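Dear colleague,

Please find the structure below, handed over for your study.

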Amino acid sequence: MNAAPPAAVIVFPGSNGDRDLFETFERAGFAPAYHLSSEPLEPGVRVAGLPGGFSYGDYWRAGMLASQAPAVRSLPDLVARDGLVLGICNGFQILVESDLLPGALAGNAPPGFRHRWLEVETTPAAAGPWFSGIAAGTVLRMPMAHGEGRYLHPDGPGAIAGRMPLRYRANPNGSMADAAALLDESGRILGVMPHPERASEPDIGSDDGMALFRSARAWLEGSG
Amino acid sequence: MTDPAAVAADLGLTPREYAAICDGLGRAPNRVEVGIFAGMWSEHSSYKSTGRLLATLPRDGEGLLAGPGSHAGCVDVGEGWAVAFKVESHNHPSAVEPYQGAATGVGGILRDVVAQGARPCAVMDSLCFGEPGEGRTDFLVDGVVGGIAGYGNSYGVPNVGGRTVFDRRYAGNPLVNALAAGLVRHDGLRTAAARGTGNAVLYAGARTGRDGILGAAFASEELEAEHTARRSHVQVGDPFAGKKLMEAMLSFGPDDGLVACQDMGAVGITCAMCEMAAAGGVGLEIDLDLVPLREPGMDASDILLSESQERFLLVVEAEREESALDHFRRHGVHAAVVGRVSDTGRVRVRHGGEVVADVPAALVADGAPPAGWKAADVLPAAAPYPPFSPPSDLGAVLRTLLADPDIADAGWITGRYDATVGNRTVRGPGEAEAAVLKLPGSRRGFALVIENRGDACAVDPYLGTLACLGAARRDLACAGADLVAITDGINHGSPGDPVEFRRLTEVVRALGDGLRRLGIPVTGGNVSLYNESPLGAIPPTPMIGALGIVDDVTAVPGWRITDGESILLFGEVRDVPAHSRYGHIVTGSLEGHPPAVDLEAEDRLARFLLGAVGRIRGAKATGTGGPAVALAKLCLHSGVGARVSLPAAGRPDWVLFGEYPAQVWATAPPDEAAAIAAGAAAAGIPCRVAGTAGGGRLVVEGWLDEPLEALAAAFSGGRP
């Protein structure tokens, strides 16, 4: 049995999904620690999680201010060390604002914040650290809770075809190509708009989200 | 205007109250002191009209860790955890500026929970508006829902349910009540009682501006036609600041030097300093020059009476004040030492080097003379429903009821609220008869409902209030929860009207009788009076926030019906007129027969349902719209039809749509249904195996046969 991989949950001022993400990392066998966004990540960290919430209140474009945080600027170093990055909801917005993932997350269509349970489906692009062992076409149930989740890419759907691991089964926000998540070229940085960390046990509605966390842990232990 | 007596009158103090101030001080108050009393002796802060009434309510109970007088009532829910919960109104601010009014209502009640040391884990809302599409209703709904969503979603507390009522009697004065609940370890409870001469008084949170000055006094007046000019009395919410402040407060406890804390809500720093001093039997020396300000030129009264949001006042051990300041600054929160605890029992306030106010804390906090309103000897009797023949098309009645704005799918409201952040929500909006949350790392949990039956209370405030309590017991039991305590939000017209005051006394009398019958306490709450507009007084509208304990969250019955399951109906089947939405729709009367109530039967049924958790799979209490609406909703939530038969009756319409107490639909495996029914009968509870789930239609043999699609179209209320 390998030691639990150290996971950093980056806490921005106004993050509100940090505790949920921490508990889900823990449940999946990681050794999580909270990490203030004002400091670069420590070298020993194997995976960084950017939680949901309203960083800096999101009174400007969602994720814009948080994308400048020292912890976010240190993420490329983590990826260069074969580490992994997971941005959920506001965390996904921050990854896009910081250019670690391409494209943009615009206001929902129809407009406004929406919360609901929904289903996403893995695509053939669901491969690499976050999706190893999850077959294409697997349906995962989890909640969405956002107002700015409409994924757009300037070059159209073709540009993201191979990097879009999850698609909405019923598009709730107008995202291009029904995209619910996006990977970087290395497959190590994952941004996902609905909340896998809230689908962490059957009692609260679903534990489908655990598959992603378990996959990442197995990958880190394998590459160890 | 410099004469203090004239200023006092202008700020709403009566000549009798002014005399009591002079008496208590042994001199005339100065202008600043008049402002302090005007805020603290307003109805909102002093309970001068209702204090004697509320004192008659049962306030003690097993497991009650903090009761009325605390920031929020705290109840033991097991495994060392307590739930802190309270309901609060923000009616008048929401009438003027709906988004900010509602947002700060949520922010304020969350701070009450935080002040108790609890981490907020749920919000619910109970709203009353005028008819949709008429007057300002749509504007108010959009603003209020937006404000509740905007604050709670950003703060990161799930909104787990609520109730929205549309009734023209609220058109001129909407009601916006919010309930917040939080979790705290038994040993983590905080107090507001200041103590320790020389200890530091520490201000933490947003800087003070001119918003919301004397908002509490504004809340204690009737709304006038030109009330939109009162925007300066409405506070402005900042959930980002509120969230940072919450994290800073919850990570600062007695080990860090915390002695006492209170949020600065109504009447701002004045209320916090006077109540904290009075609670601890100490005095405070406060220097307003040290208060962090947002704008220049604020005078002493501005600072004392500002209701700027996201602020706390703390008492901190003198030797720990530097580390305390560091703690709050590290969390990005303004903090300053603004005074010291003294042993004088007086709150003495300096500004610009001069003493501007010097008042006994107890006089300000507890000295408001009871208002002594007169109650009318009798209430005008409501006119019963005129006789009418049963409609020929009962399916059409069912569709009309399902499309009623109070009954129709509320997803267009609840979908704007985050219901799952925090990973505790076992059953959220539209998933069960009550919201169910789980304790950390446990199968144990608790459930919350908020009940609101102003239409029934308008007919008979005593019976309507009892009906609310009965519904709370029943709805919680349907979700596998045993009712243990309530918080009450009383919303009412002007107590100066003897009829209105009599209605108020009836509501409180019913609360007392009902709570004693159920054997549970009220843990605190809120009173909002003067809910009147040029259109008249609102119906008496007690909002009952109820807390129940769930032994096993994995066994909670939901709004679920599965093909092939048996369907049981608990409760007596009746066919006599009673107060109901059906009666209103058929006759057009907002009055009608008195509400049917039977708390004994509710209690018996609740006990039985709790004993049957695990065998019962789905449960839905009958409520507004009667048994047919409840069964239709159960079918629509699952997309599965049902075929049931009910006993022959002279008036099938009243059987289907009448609102009677202690009725519940439940589902169970076919091989267990008969035994459950027999068990109920043995416990003295009428119960029948009414039919079977399945198919795409809702059929009540001989009376109703409707395809689910038609019912779904009605239930959508015409919204996409």
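**Findings**

We may begin with chain A, where A:Pro110 sits in the loop that runs between β5 (104-106) and β6 (114-122). Please note that everything described here comes from a predicted model. The peptide bond leading from A:Ala109 into A:Pro110 is cis, and its omega is near 0 degrees.

Two other loop residues of chain A deserve attention. A:Ala177 belongs to the loop between β9 (166-168) and β10 (181-183) of chain A. Although A:Ala177 is not a glycine, its phi is positive, at about 55 degrees. Is A:Ala177 buried or partly exposed? A:Ala177 has 18 C-beta neighbours inside 10 Å, so it counts as partly exposed.

A:Ile134 is placed in the loop between β6 and β7 (139-146) of chain A. With 17 other C-beta atoms within 10 Å, A:Ile134 is partly exposed. Once neighbours within four places in sequence are left aside, A:Ile134 is in contact with A:Thr122, A:Ala126, A:Ala211 and A:Ser215. A separation of 10.0 Å lies between the C-alpha atoms of A:Ile134 and A:Thr123, which are eleven residues apart along the chain.

**The contact between the chains**

How many residues does each chain bring to the contact? Chain B provides 24 residues and chain A provides 21 residues. On the side of chain B that touches chain A, the elements giving two or more residues are α8 (137-155), α10 (239-250) and β14 (425-427) of chain B. Sorted by class, that side of chain B holds nine nonpolar, ten polar and five charged residues.

**The domains of chain B**

The domain assignment divides chain B into domain 1 (51-189 + 423-555), domain 2 (191-366) and domain 3 (394-398 + 557-715). Between the C-alpha centres of domain 1 and domain 3 of chain B there are 26 Å. The contact between these two domains takes 29 residues from domain 1 of chain B and 27 residues from domain 3 of chain B. On the side of domain 1 that touches domain 3, at least two residues each are supplied by α17 (454-459), α18 (461-478) and α19 (498-518) of chain B. The element that gives the most to this side is α18(B), with twelve residues. By class, the residues of this side of domain 1 are 14 nonpolar, five polar and ten charged.

Just after α19(B) comes B:Gly519, with a positive phi of about 70 degrees.

**The nonpolar core**

The largest nonpolar core has 319 residues. Within this core, the residues with the most contacts are B:Leu313, B:Val436, B:Leu448, B:Leu568 and B:Leu609. Which element gives the largest share of this core? That element is α18(B), with eleven residues. Not counting residues up to four places away in sequence, B:Leu313 touches a list of residues that includes B:Val201, B:Tyr203, B:Cys261, B:Met264 and B:Ile269.

Strand β23 (residues 618-621) of chain B is covered on both faces. B:Gly618 and B:Lys620 on one side, and B:Ala619 and B:Ala621 on the other, are all buried. Strands β23(B) and β25(B) run antiparallel and are joined by four bridges. B:Gly618 has B:Thr667 in β25(B) as its bridge partner.

The loop between α23 (652-657) and β25 (664-668) of chain B contains B:Ala662. B:Ala662 is not a glycine, yet its phi is positive, at about 55 degrees. B:Ala662 counts as buried because it has 25 C-beta neighbours inside 10 Å, and the cut-off for a buried residue is 20 or more.

Lastly, B:Gly196 lies in the loop between β6 (175-185) and β7 (200-205) of chain B. B:Gly196 has 17 C-beta neighbours inside 10 Å and therefore counts as partly exposed. Apart from residues up to four places away in sequence, B:Gly196 touches B:Val259, B:Glu317 and B:Val341. The C-alpha atoms of B:Gly196 and B:Ala362, 166 residues apart along the chain, are separated by 17 Å.

With kind regards

Notes: Residues are numbered from 1 along each chain as its sequence is written. Chains are lettered from A and ligands numbered from 1 in the order in which they are written. This is a predicted model: local features need pLDDT of at least 70, side-chain atom pairs count only at pLDDT 80 or more; totals for chains, interfaces and linings use all residues. Two residues are in contact if their C-beta atoms, placed from the backbone, lie within 7 Å. Ala, Val, Leu, Ile, Met, Phe, Trp, Tyr, Cys and Pro count as nonpolar, Asp, Glu, Lys and Arg as charged, and the others, Gly among them, as polar. A residue is buried if 20 or more other C-beta atoms lie within 10 Å of its own, exposed if 12 or fewer, and partly exposed in between; C-beta atoms are placed from the backbone. Domain bounds come from an automatic or database domain assignment. A nonpolar core is a set of buried Ala, Val, Leu, Ile, Met, Phe, Trp, Tyr and Cys residues joined through C-beta atoms within 7 Å. Two strands pair if DSSP finds at least two bridges between them.
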